[in-house]
Amino acid sequence: MTTVRRSILFTPANVHRFVAGVWKHRPDMVVLDLEDSVAPDEKQTARALVQEAIHLAGRGGAEVAVRMNSDAVAEDCIAAIWPGLCAVVLPKAEYTEEITALDKLLTRLESERDLPSGSVEIMPMIETAIGVGNAYTIASASGRITSFGVLGEADLTANLGASFDALQFHDVLAYPRGEVGLVARALGLTVNGRAWTPGKATIADYGDPEALELSMRASWLAGCRSTFCIHPRQVAAANTYLRPSESDVAEAVEALRVYTEANGLRQAYGVHNGYIVDARVAHAAQEVIDYAAACDAKDAEIARRVEELEGRETSNTAEEE
């Protein structure tokens, strides 16, 4: 089955009301954060809450991952690797050895805790110049990596001596963005990231709906299939625009029809709206159709789960009254 992870929403693992209510925002994946959104004095508390939080965060049909601290990987994994977890996000990934060590640790914990072998994915974040330089070796270091390309924009601009605010006017991360995207494609991985667009459209911006929608649509056209969201307001735009539109699907259906018809006539290709539709175009069209169907199925499942949870909330409120 095609994996759909358009919106990957972070929420601090130690804030119960956020974790318990994250299903209301309908993300495809929830990342329980142990890193940036958790104060240093709260790290241990957050670790103690992760196991329960995995269940709570996944009630609405979202997959659940955990973002670790790069300087406390073993401690965070021991706290977080439990049934229901699908991935770990590794921030500031720089070297192959970090990935292989994490892979071995996950293998051991999966065995000890009765999780299917290899079921916990690794999602590296590239946030330093060293990480960009080693992108290919990082992404190819483990079969647990199925998606790649997300940049930690704030940390990476700082590491490069660039201005984060400059991203509103110029893509100062153009080379890193292109590099990680090419690496993902070369290795056959899903591109997890976001294309650059002018204006307030970085991962830290969520107050301009038009800029956000433009960013998400541009990202889809650039080949991105998922993106990290740090605020619930970003989720709906990701779910809506990081997928084929109705017109995309209609065009794909027509292209496939033209190619099938040409193939039946033993012609190498057909022509649609002045464009050649050959085997490559037909294959891409089928992918669009299939992915749209997978997105629809994901949305339907999440809607069903959300409706159930809303029904329970209504019932509990009525009983309390």
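At roughly what angle do the axes of helix H9 and helix H10 cross? Let's start there, everyone, and keep in mind that this is a predicted model. Helix H9 covers residues 209–221 and helix H10 covers residues 233–241; their axes cross at roughly 40° and come within 9 Å. As for the hand of it, the crossing of H9 and H10 is right-handed.

If you have the structure open, have a look at who sits at that crossing. From H9 we have Leu212, Glu213, Met216, Arg217 and Trp220, and they meet Arg233, Gln234, Ala237, Ala238 and Tyr241 from H10. Sorted by class, that contact is made of six nonpolar residues, three charged ones and one polar one.

Now let's move over to strand S1.

Who are the neighbours of S1? On the one hand there is strand S2, residues 29–33, which runs parallel to S1 and is joined to it by five bridges. On the other hand there is strand S8, residues 227–229, also paired with S1 in the parallel sense, over three bridges.

Right, on to the salt bridges. The count for this model comes to 24. I'll walk you through a few of them.

Let me begin with glutamate 63 and arginine 5, whose side chains meet in a salt bridge at 2.7 Å, N to O. Why does this pair tie together parts that are 58 residues apart in sequence? Because glutamate 63 belongs to strand S3, residues 63–67, whereas arginine 5 sits in the segment before strand S1, which spans 7–12. The two partners also fall into separate burial classes: arginine 5 has a relative accessible area of 8% and is buried, while glutamate 63, at 23%, counts as partly exposed.

In helix H11, residues 246–264, we find glutamate 254 and arginine 257; they are three residues apart, so about one helical turn separates them. Their side chains meet in a salt bridge at 2.6 Å, N to O. Glutamate 254 is partly exposed, with a relative accessible area of 25%, and arginine 257 is partly exposed too, with 41%.

The other pair is in helix H12, residues 279–320, where glutamate 301 and arginine 305 lie four residues apart, about one turn of the helix. The closest N and O atoms in this salt bridge are 3.4 Å apart. Glutamate 301 is partly exposed at 30% relative accessible area, and arginine 305 counts as partly exposed at 24% relative accessibility.

And one more stop before I hand over. Which residues are linked in a network of salt bridges? They are Arg6, Asp28, Arg243, Asp296 and Asp299. Do bring that group up on your screens and follow the links from one side chain to the next.

Key. Residues numbered from 1 in each chain as written. Predicted model: local features only at pLDDT ≥ 70, side-chain atom pairs only at ≥ 80, totals over all residues. Heavy atoms only, no water. Axes fitted to C-alpha atoms, helices over the stretch in contact; angles between N-to-C directions. Helix = DSSP H or I, 4+ residues; strand = E, 2+ residues; numbered from the N terminus. Left-handed = near helix turned anticlockwise from the far one by under 90°. Contact = heavy atoms within 4.5 Å. Nonpolar A, V, L, I, M, F, W, Y, C, P; charged D, E, K, R; others polar. Salt bridge = Lys/Arg side-chain N within 4 Å of Asp/Glu carboxyl O. Buried < 20%, exposed > 50% of the residue type's maximum accessible area, 1.4 Å probe, protein only. Pairing = 2+ DSSP bridges.
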